[in-house]
Amino acid sequence: MSTHAKRERLLFADLLETAGPEAPTLCEGWTTRDLAAHVVVRERRPDAAGGILIKQLASRLDRVMEEFAAKPYEELIQLVRTGPPRFSPFSLKQIDEASNTIEFYVHTEDIRRAQPEWTPRELDQVFQDALWSRLERTARLMGRGAPTGLVLRRPDGQTAVAHRGAPVVTVTGEPSELLLFLYGRQQVADVELEGEKEAITKLHETKQLGI
């Protein structure tokens, strides 16, 4: 059975192929080649991937990423498309779905929305609900660095608290757009913000959202 993570992986791989290795992304300083290398290292080199979260391992992560980025671009894309090896935890369907649905959705948008004439994707309600479910579980973690109180709200009124504090800014949008906002892509997320003007400005400009 196809999963959200599987679908987003294949869309990401196709977009990498279409965009080419030197296309810009929303990840500052990274081209599509760098982004592809990041995804491959995350799934295939757990000895280095810890550097994503642990500063002491960051230099090792950088070295390993450089090694993968130096591979032929077509090989990188194939590694993305075929997925992790059997020894990787990401090869387990439940872990893949839980960890990679957001990973590949966000990185697909990192490529799409870095292009000058990007257009929104139309996402079905089942996928939006799946993103909201994951967003509810990760909101506190991803919003912990927010400079204001932060509440996420769907158009139907469902809410999730990403950060407690005052003043409070309420961000309203579809789960897919809220997700991008919470993962630090505030400038391209299609959302509406309510709250004090100064607080909204701080939240829009902060680089402390996400990991």
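Select E103 to begin: leaving aside residues up to four places away in sequence, E103 touches H38, V39 and R42, where contact means heavy atoms within 4.5 Å. The model is predicted, so local features need pLDDT of at least 70 and side-chain atom pairs count only at pLDDT 80 or more, while totals for chains, interfaces and linings use all residues. Residues are numbered from 1 along each chain as its sequence is written, and side-chain values use heavy atoms, with hydrogens and water left out.

E103 lies in helix α6; helices (H or I, at least four residues) and strands (E, at least two) are DSSP runs, numbered from the N terminus. With a relative accessible area of 14%, E103 is buried, a term that means under 20%, whereas exposed means over 50% and partly exposed the range in between, for a 1.4 Å probe and protein chains only. Show the side chains of E103 and H38 next, which make a polar contact at 3.3 Å, that is, a pair of N or O atoms within 3.5 Å of which, within protein, one must be able to donate a hydrogen and the other to accept it, residues adjacent in sequence counting only if both atoms are side-chain atoms.

Now select helix α1, residues 4-19, whose buried residues are H4, A5, E8, R9, F12, A13 and L16. Seen down the axis of α1, these buried residues fall within an arc of 160 degrees, so they line one face of the helix; the arc is that of the directions from the helix axis to the C-beta atoms. They pack against α2 (32-44), α5 (73-82), α6 (93-112) and α7 (125-142), while the face turned away from the buried side carries the exposed residues E17 and T18.

Finish at P167, in the loop between β2 and β3, where the peptide bond from A166 to P167 is cis, with omega near -5 degrees.
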